[in-house]
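Please look over the chain below before reading on. The points that follow are short notes for a first reading.

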Amino acid sequence: MKRKPKFILPTKYILLLMTGVCIVAMLLCFTLNITGGPLNTVAGYVFVPMQKGINSVGSWVVDKSDNLKQLGDVMEENEELKRQVDSLTTELNTIKLEQYELENLRELLELDQKYPSYDKVAANVIGKDGGNWFTNFTIDKGTEDGIEVDMNVISGSGLVGIVKDVGPNYAKVAAIINDTMKVSGMVTSTSDNLIVNGSLQNMNENMVIEFSNLNDKDDEVTIGDPVVTSYVSDQYQQGILIGYISTLEKDANNLTKSGTITPAVDFEHIEEVLVILNKKQTADN
């Protein structure tokens with residue numbers, strides 16, 4: 001004979017039933033003002049823990065809500081701080097740029113004062129040939145500013161080069177480090193003349209240019225002596241600093257010397273220049 005399955009009350013119904021019993025017990029306690037007995041005992045065991053649990057949950061929810069609000073405030077403050085940092089960074093970069101430009105202008109002013117007998121016009125470099133060095137470059141001033149071909153160009157501490165081409169609002173400059181350039185120079189300590197030759201190879205290897213034909217029969221020229229443009233030059237104004245002798249040796253003829261010169265100008269970083277508006281006057285002019 002087949003056995004009938006046992007009836008099992010689902011858990012959710014048991015929970016509902018117990019909840020109902022608890023509610024009835026509470027109502028009886030409140031309506032009948034029962035302060036003792038089994039109902040009060042049951043209420044103590046059932047409802048007090050429930051109340052504590054509810055209070056704990058409520059406190060947890062309140063704490064979490066406060067924490068979320070505080071987190072939101074912190075995130076908002078963090079965003080405000082980020083905006084302030086970005087603003088201060090931009091301001092600092094602007095100050096650095098202005099300081100850099102001011103230093104460049106101060107350098108140009110000092111260079112201008114170094115050669116007070118020449119009229120000059122300041123110009124910005126707006127283009128250059130490829131490579132690391134400013135061998136040939138373009139400036140933003142031209143004939144409208146009085147610039148002509150063969151005018152000398154200076155920057156930093158001395159001679160940069162000479163104007164080779166000019167338009168209404170631009171001019172092209174050939175630097176003395178160019179392989180094709182030659183400048184008549186003079187050692188200031190002895191007034192001996194020499195020829196300065198551009199050399200990109202030496203610039204790339206040792207950041208120097210070459211000189212030759214130095215007549216130093218008394219061996220008075222030494223390393224570190226300044227070299228300036230000579231009065232015998234037909235293109236360059238006299239007395240503009242070219243650089244400093246870095247190496248020196250006798251030629252095979254034992255009559256002249258040659259060597260290298262460290263340029264006075266940083267030919268890797270040229271941004272502003274001064275163009276001397278006075279052209280060299282020669283016997284042919």
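1. Start with Pro 226. This residue stands opposite Tyr 244, which lies in β10. The two strands concerned are β9, residues 226-229, and β10, residues 241-250. They run antiparallel, and 3 bridges join them. Bear in mind that this is a predicted model.

2. Now widen the view to the barrel. β9 and β10 belong to a set of 6 strands that close into a barrel. The order is β6-β7-β8-β11-β10-β9, with antiparallel pairing. On average, neighbouring strands of this sheet are turned by 40° against each other, direction ignored. As background, strands of a sheet pair through backbone hydrogen bonds, either parallel or antiparallel.

3. Next, the aromatic rings. How many aromatic pairs are there by the rule used? The count is 1. The partners are Phe 134 and Phe 137, with ring centres 6.0 Å apart. Their planes meet at 75°, over the 60 degrees required, so the pair is edge-to-face. Are these two residues buried or exposed? Both Phe 134 and Phe 137 are buried.

4. Phe 134 has a further neighbour. The charged end of Lys 128 sits over the ring of Phe 134. The distance to the ring centre is 5.1 Å.

5. Finally, the whole chain. The protein chain has 3 helices and 12 strands. Of its 285 residues, 33% are buried. Take the contacts between residues at least 6 apart in sequence: 58% of them join residues at least 24 apart. The chain exposes about 18300 Å². Carbon and sulfur atoms supply 56% of that area.

Key. Residues numbered from 1 in each chain as written. Predicted model: local features only at pLDDT ≥ 70, side-chain atom pairs only at ≥ 80, totals over all residues. Heavy atoms only, no water. Pairing = 2+ DSSP bridges. Helix = DSSP H or I, 4+ residues; strand = E, 2+ residues; numbered from the N terminus. Axes fitted to C-alpha atoms, helices over the stretch in contact; angles between N-to-C directions. Phe/Tyr/Trp six-rings, centres within 6.5 Å; stacked < 30°, edge-to-face > 60°. Buried < 20%, exposed > 50% of the residue type's maximum accessible area, 1.4 Å probe, protein only. Lys NZ or Arg CZ within 6 Å of the ring centre and 35° of its normal. Contact = heavy atoms within 4.5 Å. Areas by Shrake-Rupley, 256 points an atom, 1.4 Å probe, with all protein chains shown as cover.
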